[in-house]
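Welcome! Please have a look at the chain below before reading on.

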Amino acid sequence: MAITDQIAVSKTISPAQHAVLDYGVAATFFALGMRYRNRNRAASTLAFANGGMVLGMSMLTNYPGGVWPTISFKTHGTMDLVQAALAGFGPLLFGFADEPEAKTFYAQAASELGVVANTDWNADAARGIAA
């Protein structure tokens, strides 16, 4: 059983809704990367790394909006947890944990966990789409 199946809450986010959220998160990270590029190089780098990771996973996921669907939606969910960890621990790893820019990464990590907890990772299986 996948870790994303063990989270006991009502699963209200469909794969299509999750895709929209993912592309929005990627765009937000790229915008943050541009915003921070001249005032905090480490925060800018982390934002671009997170944006690239989210965009890449989204494009490769077998869900609505996936361009080259090579990874399953459930695998995407596990990778979302890795991305949340990068966002949450990134400021510490990149050396700006006590700076104001870190708050945006902490907030996004918490938001990502909420999305993971509320996404119906089994929706594709119920519709007969291979996992």
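A residue is called buried under 20% relative accessible area, exposed over 50%, and partly exposed in between, using a 1.4 Å probe and protein chains only. Alanine 97, with a relative accessible area of 24%, is therefore partly exposed. This is a predicted model, in which local features need pLDDT of at least 70, side-chain atom pairs count only at pLDDT 80 or more, and totals for chains, interfaces and linings use all residues. Residues are numbered from 1 along each chain as its sequence is written, and side-chain values use heavy atoms, with hydrogens and water left out.

**The chain as a whole**

- The chain has five helices and zero strands; helices (H or I, at least four residues) and strands (E, at least two) are DSSP runs, numbered from the N terminus.
- Along the sequence, the pattern reads α-α-α-α-α.
- Among the 131 residues of the chain, 37% count as buried.
- Of the contacts (heavy atoms within 4.5 Å) with a separation of 6 or more, 66% are between residues 24 or more positions apart.

**Around alanine 97**

- Alanine 97 sits in the loop between α3 and α4.
- Leaving aside neighbours within four places in sequence, alanine 97 is in contact with Pro91, Leu92, Ala102 and Tyr106.
- The C-alpha atoms of alanine 97 and alanine 43 are 9.6 Å apart, while the two residues are 54 residues apart along the chain.

**Helix α1 with helix α2**

- The axes of α1 and α2 (residues 41-60) are 8 Å apart and at an angle of about 160°; axes are lines fitted to C-alpha atoms, for helices over the stretch in contact, and angles run from 0 to 180 degrees between N-to-C directions.
- α1 and α2 are therefore roughly antiparallel (angles under 35 degrees count as roughly parallel, over 145 as roughly antiparallel, 65 to 115 as roughly perpendicular and the rest as oblique).
- The crossing of α1 past α2 is left-handed, meaning that the near helix is turned anticlockwise from the far one by less than a right angle; clockwise would be right-handed.
- Residues making this contact include Phe29 and Tyr36 of α1, and Ala43 and Phe48 of α2.
- By class, the contact of α1 with α2 has 14 nonpolar, six polar and two charged residues; Ala, Val, Leu, Ile, Met, Phe, Trp, Tyr, Cys and Pro count as nonpolar, Asp, Glu, Lys and Arg as charged, and the others, Gly among them, as polar.

**Helix α3 with helix α4**

- α3 and α4 have axes that come within 8 Å and cross at roughly 160°, and these helices are therefore roughly antiparallel.
- α3 passes α4 in a left-handed crossing.
- Where they meet, α3 brings residues including Gly77 and Ala84, and α4 brings residues including Phe105 and Ala109.
- This contact of α3 with α4 has ten nonpolar, four polar and two charged residues.

**Aromatic pairs**

- Rings of Phe, Tyr and Trp (its six-membered ring) pair if their centres lie within 6.5 Å; planes under 30 degrees apart count as stacked, over 60 as edge-to-face and the rest as tilted.
- By this rule there are six aromatic pairs.
- Phenylalanine 29 and phenylalanine 105 are stacked, at 6.1 Å centre to centre and 25° between the planes.
- This pair links α1 (residues 15-36) with α4 (residues 102-118), across 76 residues.
- Phenylalanine 29 is buried at 2% relative accessible area, and phenylalanine 105 is buried at 0%.
- The rings of phenylalanine 73 and tryptophan 121 are 4.6 Å apart between centres with planes at 40°, so this pair is tilted.
- Ring pairs join Phe29, Tyr36, Phe96 and Phe105 into a cluster.
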